[in-house]
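Let's take a friendly walk through one protein structure. Have a look at the sequence and the fold, and then read on.

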Amino acid sequence: MMRARGFRAGTALVAICLAMPAMAQPLLDPVFGDNAVLQRDQPIHVRGRTTPGERVRGRLGDTASSAMADRDGRFELVFPAMAAGGPHRLTVTGASGTVQAAGVLIGDVFLCSGQSNMEMAVSRAQDADNQIAASGDPLLRLFTIGRQTALQPLRDLDKVSGWQAASPASVAGFSAACFYMAQDLRRSARVPIGAIQSSWGGSRISAWMGDEALNASGMGADAGLRRLYARNPEAASAQAGRIWEAWWRAATGDAPGREPWQPDAGLAWQPVPQIAYWEDWDNPQLAQFNGTVWFRKIVNLTRAQAQQASTLSIGPVDDADQTWVNGQPVGSGGNPGKPRNYSLPAGTLREGRNVIIVNANDSYGKGGMPGPGSIMQIGFADGSVAPMGTGWDYTVETRRLTRPPRAPWEDTAGAGTIHNAMIAPLGRIGLRGVAWYQGESDVGLPGYADRLAAMMAGWRQQFGHARLPFAIVQLAGFGAPSTSPGESGWAALREEQRRAVLADGGRSALALAIDLGDPVDIHPGQKREVGRRLSRAMQTIAYGAAHPASGPVIDHAARTADGHMLLTFAGVTGSLEARNSAVAIGFELCGTQGGSCRYAIGQVSGRTVRLPEDGQAVARIRYAWSDSPVVNLFDAAGLPTAPFEIRVPQ
């Protein structure tokens with residue numbers, strides 16, 4: 001409950017600030033408020049607002065700075081680098097008044113971000129009661145940024161908790177991976193630590209990227225379409241719908257005019273039993289169905305109704321929808337809990353028969369149109385409505401397709417939408433490092449390594465730190481274990497993470513989690529160990545510790561004189577160890593073609609693994625290439641070997 005009160009207080013503070021008259025006293029951005037932790041050994045950039053054009057003077061401890069507010073009333077004070085210590089008082093004074101922040105510490109600040117496995121609270125992780133009870137530390141401070149999106153970069157944070165010292169009340173609802181990392185770093189660094197948690201479950205990496213990063217990774221068109229949506233939602237929705245339609249035709253081969261969204265499409269329609277998730281329809285075919293279902297509703301309108309400005313309201317759609325009226329795309333969304341309300345351009349509706357088609361695509365958990373039916377309607381400018389809470393039809397799409405495109409203004413699958421509201425407003429805040437745990441939502445979407453590299457570059461530019469360290473959690477196992485070699489979207493994403501780190505010139509490192517997963521739970525509970533491994537990575541890349549950052553990672557592969565494969569690993573503490581077996585498992589020898597991989601037994605010696613030749617062609621070697629692999633190759637530090645795919649010199 002403490003965390004919830006903090007969010008309300010933070011939101012209320014912003015609302016009060018926005019309503020204050022022009023000559024109100026200066027205001028500090030929330031991240032510089034009471035009990036803040038500011039980054040040591042770097043120039044300190046303090047931001048806030050006051051009367052436009054007003055000169056403000058600041059004092060932090062024994063240091064001083066001054067600045068002039070711009071025409072929007074924004075100011076930025078730059079203080080010289082300071083050593084760890086405190087508490088200090090931060091004071092900003094102008095002609096309009098004075099604002100102060102008390103209890104400010106100088107130490108190391110870490111930003112933790114990603115999707116649900118970073119967002120997952122300490123209270124939901126293993127051993128929560130004991131860890132929460134022992135969490136008190138006045139020199140470990142926590143700051144949470146709540147969920148928010150924006151179509152353009154914002155300058156102000158909203159929905160923030162404020163800085164809180166670690167205690168049972170503040171820790172319970174805080175990110176478990178972030179807290180355990182920060183707690184471990186407090187013990188090793190012996191300075192005040194500040195942890196900023198900014199994450200959102202189910203989010204794709206594209207939502208966390210600024211426009212320059214989107215451009216650099218080939219997503220500039222998405223950023224442009226999002227900006228169009230900010231100016232003209234109807235035009236952007238129509239354009240996004242056409243992109244969706246082109247994807248469908250390419251994926252299915254359906255000819256123009258014969259697609260399922262056409263008003264007279266010859267589909268096997270059945271009556272919707274009830275407005276509810278399809279898993280609740282008592283239909284065995286849909287009891288555990290993740291995929292696509294088409295919905296249809298026929299509405300008859302008068303000429304007067306069809307000629308009015310109107311809004312189509314269909315309620316939430318889980319996970320995502322693309323919606324048409326009379327064969328014309330009118331909108332899409334990707335937030336499962338957000339009701340869909342689509343403005344209908346003039347000419348969309350007709351006198352008489354109108355056909356609404358909704359494509360509902362679900363990838364996890366329950367799916368469909370849960371209603372309630374009372375909010376499903378067409379609302380007209382004169383205040384009247386055409387109810388749509390009954391009389392829907394459906395048909396299940398039997399073709400298994402790639403993931404459909406998503407509109408770039410969506411909350412979690414958009415292009416820059418989360419970055420604009422939850423990263424951009426941090427400005428040039430000083431950081432010691434970033435912990436990143438994300439990727440589940442990008443499985444099956446090519447190019448993750450490029451997106452991750454572009455995001456890291458963009459954040460480094462924003463925070464003014466060209467070598468800002470990133471500790472990246474490589475995805476844990478999830479899903480049914482494999483019984484034979486095959487392709488794996490999760491393994492491919494892990495490989496993209498590994499390659500992005502490898503190309504980053506020592507500025508980033510993996511925190512391995514392949515042994516910490518749960519085949520039936522996408523949110524494994526061992527977040528304390530994830531935090532410890534994040535801390536270990538940070539100790540190496542941010543503090544220069546001598547120990548390996550990640551644990552065993554593949555270095556190179558070679559052929560021996562007798563035709564066997566010899567793998568050499570870097571980052572090994574002591575020697576490699578095969579647990580509970582005389583051999584290492586999880587290796588695959590592969591040819592050049594798909595379907596050519598076969599399991600191989602590894603003989604472990606020191607920092608190498610030898611794979612016997614099997615008389616077949618070997619062009620590449622894979623390890624732990626499965627959604628949820630079983631692994632037994634560790635080093636003396638108890639760290640698992642990172643999954644990989646590597647080519648073998650011919």
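## Charges over rings

The charged end of R579 sits over the ring of F634, 3.7 Å from the ring centre. Here a charge counts as over a ring if NZ of Lys or CZ of Arg is within 6 Å of the ring centre and within 35 degrees of the ring normal. R432 likewise lies over the face of Y543, at 4.1 Å from its ring centre.

## About the model

This is a predicted model, in which local features need pLDDT of at least 70 and side-chain atom pairs count only at pLDDT 80 or more, while totals for chains, interfaces and linings use all residues. Residues are numbered from 1 along each chain as its sequence is written, and side-chain values use heavy atoms, leaving out hydrogens and water.

## Aromatic pairs

The count comes to 23 aromatic pairs. Rings of Phe, Tyr and Trp (its six-membered ring) pair if their centres lie within 6.5 Å; planes under 30 degrees apart are stacked, over 60 edge-to-face, and the rest tilted.

How are W248 and W294 arranged, stacked or edge-to-face? Their planes stand at 90° with centres 5.3 Å apart, so the pair is edge-to-face. W248 is buried, at 1% relative accessible area (buried means under 20%, exposed over 50%, partly exposed in between, with a 1.4 Å probe and protein chains only). W294 is buried too, at 1%. Y623 and F644, by contrast, are stacked, with 5.9 Å between centres and 25° between planes. Y623 is buried at 0% relative accessibility, and F644 is buried at 0%.

## A tryptophan cluster

Ring pairs join W244, W247, W248, W261, W294 and W324 into a cluster.
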